[in-house]
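Hi,

Here is the structure I promised to pass on to you. Please open it in your viewer first, and then read my notes below alongside it.

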There are 2 protein chains.
Amino acid sequence: MALPNRPVATSSETEAALFDLVDVYDRAYETAAAELSLSPAQACVLGRLDERRGMGALAEELGCDASNITQIVARLEALGLVTREPNPRDRRARLVARTPRGDEVNHRFATAFTFARTAVGRLSPDEQDQLTALLRKALG
Amino acid sequence: MALPNRPVATSSETEAALFDLVDVYDRAYETAAAELSLSPAQACVLGRLDERRGMGALAEELGCDASNITQIVARLEALGLVTREPNPRDRRARLVARTPRGDEVNHRFATAFTFARTAVGRLSPDEQDQLTALLRKALG
DNA sequence: CAATAATGCTTGAGCCACTCAAGTAAACAA
DNA sequence: TTGTTTACTTGAGTGGCTCAAGCATTATTG
């Protein structure tokens with residue numbers, strides 16, 4: 001289990017609530033991935049392949065080095081969850097796509113990661129709107 | 001930069017706002033640590049040493065294996081930010097404590113990690129109370 | 001009190017994420 | 001055609017993380 005990204009000093013109640021939220025969220029994500037024998041990074045990449053796309057597009061969207069994606073995709077491929085096909089338009093590039101098994105695992109992950117759904121579900125529609133507005137304002 | 005713990009499908013506006021919050025928070029934490037040449041895990045452990053304490057206590061609080069703490073503390077020690085003294089009451093145990101340099105780096109980290117402070121600061125006191133209440137309710 | 005068990009931590013092996021530098025091949029430009 | 005940019009891979013290196021095994025030391029218990 002990854003260590004929390006959370007300072008111990010909580011200068012306000014609101015900050016403390018944010019810390020708790022992030023902590024619980026991250027752990028829930030990790031747990032859901034682990035139930036499917038995936039790392040968080042693998043679950044993340046798998047979830048971005050609703051349409052086939054190039055390695056570079058993944059790296060850019062996820063804000064990491066291309067070689068990082070190469071390795072994660074290689075492991076997903078070894079697990080049979082993803083294929084790496086040549087791009088007919090550009091023979092340098094590869095198109096990554098989920099296999100049927102990848103689709104199924106991704107769907108099971110989305111089902112297993114209930115945290116956000118559950119948390120939002122504890123609020124009334126009005127409260128949900130309030131929370132959304134407050135978070136958007138806080139995010140600037 | 002760590003890949004986001006974030007599903008791509010956003011079934012509601014509120015969930016999307018939660019995703020954004022967690023994403024921005026985690027990246028801010030990582031960035032603040034990196035400015036001090038610390039990993040997020042190192043910053044996390046350093047931040048829990050306001051008082052000297054044993055390895056086991058750290059492992060339990062952070063919910064990870066003791067050997068993980070052994071390694072992180074060893075690196076912090078190599079950086080001169082932490083000491084590992086023998087526990088006079090129990091010669092099996094070690095007491096971890098920040099050095100003066102560790103105190104300074106920890107303080108600089110707390111200063112550099114402005115995200116939560118800044119975000120909360122964008123809200124009025126009333127809004128802060130509302131957000132706290134909503135988050136607490138959502139967390140169950 | 002001696003044998004046994006439990007505790008606190010370390011070590012070693014192994015996997016994965018991540019980054020950087022260097023390399024290959026194909027596309028593009030001058 | 002030559003040179004450059006693009007898309008990706010490879011290799012080396014650092015860390016985080018877990019599990020199994022090991023070593024002291026402390027606690028238990030028969």
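**Strand S3 of chain B**

Let me start in chain B, where B:Ala97 sits in strand S3, which covers residues 90-98. Before going further, please keep in mind that this is a predicted model. B:Ala97 has a relative accessibility of 10% and therefore counts as buried, the limit being under 20%. Which residues does B:Ala97 touch, once its neighbours within four places in sequence are left aside? The contacts are B:Arg52, B:Leu81, B:Val82 and B:Thr83. As for B:Arg75, 22 residues separate it from B:Ala97 in sequence, and their C-alpha atoms are 13 Å apart in space.

**A glycine between two helices**

Staying with chain B, you will find B:Gly63 in the loop that runs between helix H3 (55-62) and helix H4 (66-78). Is B:Gly63 buried, exposed or partly exposed? Its relative accessibility is 39%, so B:Gly63 counts as partly exposed.

**Chain A as a whole**

Now to chain A. Its secondary structure consists of seven helices and three strands, and their order along the sequence is α-α-β-α-α-β-β-α-α-α. How does the radius of gyration of chain A stand against that of a compact globule of 140 residues? The globule would be near 14 Å, but chain A has 18 Å. Along the principal axes, the C-alpha atoms of chain A fill a box of roughly 55 × 30 × 25 Å.

A few more totals for chain A may be handy for you. Of its 140 residues, 46% count as buried. Among the contacts with a separation of 6 or more, 45% come from residues 24 or more positions apart. The accessible surface is about 7000 Å², and carbon and sulfur atoms account for 50% of that. On the charge side, chain A carries 18 positive and 20 negative side chains, with 8 Å between the centres of the two sets.

**Where the chains meet: A:Thr132**

A:Thr132 belongs to helix H7 of chain A, residues 125-139. Its relative accessible area is 10%, so A:Thr132 is buried. What does A:Thr132 contact, apart from its neighbours within four places in sequence? The partners are in chain B: B:Glu13, B:Thr14 and B:Ala17.

**Aromatic pairs**

I think you will enjoy this part. Over all chains, a search of the whole structure turns up twelve aromatic pairs. One pair is A:Tyr25 with B:Phe19, whose ring centres are 6.0 Å apart and whose planes stand at 70°, so the pair is edge-to-face. Why does this pair join two chains? A:Tyr25 is in helix H1 (residues 13-35) of chain A while B:Phe19 is in helix H1 (residues 13-35) of chain B, so the pair reaches from one chain to the other. Both A:Tyr25 and B:Phe19 are buried.

Another pair is made by A:Tyr29 and A:Phe109, with ring centres 5.1 Å apart and planes at 75°, so this pair is edge-to-face. A:Tyr29 is part of helix H1 of chain A and A:Phe109 is part of helix H5 (residues 100-112) of chain A, so the pair ties together parts that are 80 residues apart in sequence. With a relative accessible area of 0%, A:Tyr29 is buried, and A:Phe109 is buried at 5%.

Ring pairs also build a cluster, linking A:Phe19, B:Tyr25, B:Tyr29, B:Phe109, B:Phe113 and B:Phe115.

**Two serines with positive phi**

Lastly, have a look at the backbone at A:Ser37. Its phi is near 60°, a positive value in a residue other than glycine. A:Ser37 is placed in the loop between H1 and helix H2 (40-46) of chain A. The relative accessibility of A:Ser37 is 64%, which is over 50%, so the residue counts as exposed.

In chain B, B:Ser37 has a positive phi of about 60° although it is not a glycine. The loop between H1 and helix H2 (40-46) of chain B holds B:Ser37, and this serine is exposed, with a relative accessible area of 62%.

Terms used. Residues are numbered from 1 along each chain as its sequence is written. Chains are lettered from A and ligands numbered from 1 in the order in which they are written. Side-chain values use heavy atoms; hydrogens and water are left out. Helices (H or I, at least four residues) and strands (E, at least two) are DSSP runs, numbered from the N terminus. The radius of gyration is taken over C-alpha atoms; the globule rule is 2.2 Å times the number of residues to the power 0.38. Buried means under 20% relative accessible area, exposed over 50%, partly exposed in between (1.4 Å probe, protein chains only). Contact means heavy atoms within 4.5 Å. Accessible areas come from the Shrake-Rupley method with a 1.4 Å probe; for residues, only the protein chains shown count as cover. Lys and Arg count as positive and Asp and Glu as negative; His and the chain ends are not counted. The place of a charge is taken as NZ of Lys, CZ of Arg, CG of Asp or CD of Glu. Rings of Phe, Tyr and Trp (its six-membered ring) pair if their centres lie within 6.5 Å; planes under 30 degrees apart count as stacked, over 60 as edge-to-face and the rest as tilted.
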